[in-house]
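Keep the sequence and the model side by side.

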Amino acid sequence: MQVWQRHARVGLGALLACATLLTASGCSSTQDAPQQRTVSVGFYAFFEPVSRAADPEPGTEGFDVHVGYEADLLSAVEAMEDIGLSFERRGIGPWENIWLEPATEDTDLVGGGITILESRTVDATGDTVVAFTDGHIEFRQSLLVRAEDAGRLRDHDSLNGDDVVAALPNTTGEARLLQLIGAVDASGGLREGTRIKTPAGEVVVASDGEVNITASGASPELKRRLRLIPADPNRPQVLYLGDDQGDPLGEAALHAALSEGRVDAVSGAVIGNSQAAAASQGEFAVTAFDDLIEHGGFVVDVDDADLLERMNTALDWLTDNGRIGFTDWLADSEIFMARAAQWPSPEPS
């Protein structure tokens, strides 16, 4: 069972369920059901087993078919009588700024294993444009390594100047890695002397914090980064695999680089790395389990109080206020649908 500190919520019961929805969705004093609403959902297509497309090829019919933990969670929300939500889903390939999608006209809600960060709620001008739901999944960072290196690379401190770690840019996997190897400060500011290779040339950090890399983005000159060389020569380099334009390739490319020996480790969440290790038939292992616990949620437009309240009500019930999570779903993929069937929908008085 997974338990975490959550936003202040109240327990759910038949009467409280209606009360929760009263302001946001028009539940009347006679406990009428809220108006049915169809929600446009975008989901990240490449985070197995949390959120993926049935067909990984963009443009195919299967690319808009949602599969995995979050897909089942949303289906259970749809099944909850009187929550009044149905979802039209479409797959999203690019990860960069995916959390800002609900601020556009085409998307009401977005998911895909998105870590809840305040910095991800603001746009480029600093305006708060989106809001996160309550968390429904826990993340911890780790290293995916070749099985024969598991003993040597048991933690992040074991990485040395001869090692190369692959990471996906603008993820908590990258941001936390840079913190753990001492390449950035707590705010993501890079250390003086750090070198970053980009398609436009090499950027050398002239002073501490002059440029930064965080889970929400990076300084403009680092947007298409290819390799990061820490100021401390005893710390590992970080490799970013990109296409001809420097746009990042997905996790499959990172796993191939690890298998081929081009990198020594891949930084990422325990969930994704464990999936890759299990699929590798013994080739890979997961090490360096981080102590920091992060939480993931869905994202809505900051002004959409109705959707936010309905989603939080449903998620709190389905996860039993955080007591049911990813590990429970792995053991029983029907657990959320079973919870939905027990939802105490209010009866008209």
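A nonpolar core is a set of buried Ala, Val, Leu, Ile, Met, Phe, Trp, Tyr and Cys residues joined through side-chain atoms within 4.5 Å. Buried means under 20% relative accessible area, with a 1.4 Å probe and protein chains only. The model is predicted: local features need pLDDT of at least 70, side-chain atom pairs count only at pLDDT 80 or more, and totals for chains, interfaces and linings use all residues. Residues are numbered from 1 along each chain as its sequence is written, and side-chain values use heavy atoms, without hydrogens and water.

Start with the largest core. It has 46 residues, and Met311, Leu318 and Phe336 touch the most other members. Helix H6 (residues 305-318) supplies the largest share, six residues. Helices (H or I, at least four residues) and strands (E, at least two) are DSSP runs, numbered from the N terminus. Beyond four places in sequence, Leu318 contacts (heavy atoms within 4.5 Å) residues including Leu73, Met80, Phe336 and Ala340. A second, separate core holds 24 residues, among them Leu153, Val205, Val211 and Ala265.

Now the sheet. Eight strands form an open sheet in the order S12-S11-S15-S16-S10-S17-S9-S18, with mixed pairing. Two strands pair if DSSP finds at least two bridges between them. Strands S12 (201-204) and S18 (284-287) are the edges, each pairing on one side only. Strands S11 (residues 195-198) and S15 (residues 227-229) run antiparallel, joined by three bridges. Lys197 has Arg227 in S15 as its bridge partner.

Methods: Buried < 20%, exposed > 50% of the residue type's maximum accessible area, 1.4 Å probe, protein only.
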